[in-house]
Amino acid sequence: MPKGNILIGQSGGPTAVINASMAGLLSEISLTDFAGRALGLPMGLEGLLGQHEPVELGHLSQPQLTQLAHTGGAVLGSSRVRPGEQELAQALAWLKRYDVRYFAFVGGNGSLQTPLELERLARAEGYELYCVGVPKTIDNDLVGTDHAPGYGSAALWLAMAAQDSGLDLYTMRGFDQFKVLETMGRHTGWLAAATSLARNTANTAPHLILVPEQVFEPDAFLAEVEQIFRREGCVLVVVAEGVRNAAGQFLAEINQALGRDALGKSLLSIGEGVSGYLCQLVKTRLGLKVRYDKPGTLQRGAACVSPIDRAEAWELGSAAARYLLQGQSGIMPALRRLSTDPYHCEIVPIALSEVVGREKTLPPEFLHAGGLDEDAFRRYAAPLIGPPLLEPWGSNQFSVVNRQ
């Protein structure tokens, strides 16, 4: 194994537990005889392009690492830069400048391409560099792992938000009638589906969950909304931002022109989006009073953390450090579920080449013609949020006073 330093970076949108993976990495390194320096990469790939200098991480104590694991955001800073060949060459030159021989990058699908490409370029130039990816995404769309750190906490937050939204809507059902709760999810419905964990009986909110894996049919949707409203007096719909119609058009783009990000993707979160479209449709066709909530980035980094999510994020960081210091490269530690009841996963290595450029959508067993198969999905997702949500008090628990 070469002498040199180890570099840890964070990339993409933060999660509630991204820092726990970094803490797990540093904790594992501190338990070894690694003689190099542990460095932190500020601002993701921007740092590798020479815009920032590395920071020292090796001095952090175990109490400080525990505090780090309980801190939100991404403490090193992040970016969404996608490197081309020129940027990769700049990044490798930066790594050589600081004698980095081990590189761990905590990120999602797009971010994990960076360690894979850097390893390829270093090998071509004869520079000994070991690279691993550490999984992270609230979208839960990483292939090869049962779930990704960050998803369990986001699922917990959204389930609680859906429960609270449903209770609020039911309370005000004489005034508020129809409400939309919009989640992230451009191509996948994992986050929207997580709100099904709020349902404690068949008729409680959310009443409808719309995911990108299924085509939106406006007439069928309106018929369901009308039926639910007649029965319940109010309707809560959860929708992923990336739901499309039969023509393949994002609902978010039907009533407004959206801008594009640096990668050319529609900015689905801008303006009223899919929530505004659904509200306008229901208001026009059914005449209901409408409103919507768009929690945006709150859902990915809120202080509401699943204890299982944090523990798994730490362990995956620890595994990544072990892989690196054992001379393994081009891999990612992944979670493989061994049992659901009781819940248990093991950590296994998977090649980054099997992860990058692919996307895990909701599988067929979680869907049926009528929408989300909530029972099947909840069996999968319930263990990831920790203890189940408390069942709220129901008005049917009161007894009516009869006049004498």
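Trainee: What makes S6 and strand S8 (residues 235–240) a pair, and in which sense do they run, parallel or antiparallel?

Mentor: In this predicted model, S6 and S8 share 6 bridges in the parallel sense.

Trainee: Which sense does the pairing of S6 with strand S9 (residues 290–293) have, and over how many bridges?

Mentor: That pairing is parallel too, over 4 bridges. Here Val180 stands opposite Tyr292 in S9.

Trainee: Why is strand S6 (residues 178–183) called mostly covered?

Mentor: Buried means under 20% relative accessible area, and 6 of the 6 residues in S6 are buried. Phe178, Val180 and Glu182 point one way, Lys179, Leu181 and Thr183 point the other way, and all are buried.

Trainee: Let's turn to a helix. How do you know whether Ala162 is buried or exposed?

Mentor: Ala162 has 0% relative accessibility, and the cut-off for buried is under 20%, so Ala162 counts as buried. This residue lies in helix H6 (residues 151–171).

Trainee: Which residues does Ala162 touch, leaving out those up to four places away in sequence?

Mentor: Ala162 touches Leu181, Thr195, Ala198, Pro206 and Leu236. A contact needs heavy atoms within 4.5 Å. Leu181 is one of the buried residues of S6. As for Gly40, 122 residues from Ala162 along the chain, the two C-alpha atoms are separated by 37 Å.

Trainee: What makes S10 and S11 a pair, and how many residues lie between them?

Mentor: Strand S10 (residues 331–340) and strand S11 (residues 343–351) have 9 bridges in the antiparallel sense. The rule asks for at least two, so they pair. With 2 residues between them, S10 and S11 form a hairpin, and Ile331 stands opposite Ala351 in S11.

Trainee: Now the whole chain. How do you know whether its radius of gyration agrees with that of a compact globule?

Mentor: For 404 residues, a compact globule would have a radius near 22 Å, and the protein chain has 23 Å, so the value agrees. Along its principal axes, the C-alpha trace spans about 85 × 50 × 35 Å.

Trainee: What share of the chain is buried, and how many helices and strands are there?

Mentor: Buried residues make up 55% of the 404, and the secondary structure comes to 12 helices and 13 strands. Among contacts with a separation of 6 or more, 76% are between residues 24 or more positions apart.

Terms used
Residues numbered from 1 in each chain as written. Predicted model: local features only at pLDDT ≥ 70, side-chain atom pairs only at ≥ 80, totals over all residues. Heavy atoms only, no water. Rg over C-alpha atoms; globule rule 2.2 N^0.38 Å. Buried < 20%, exposed > 50% of the residue type's maximum accessible area, 1.4 Å probe, protein only.
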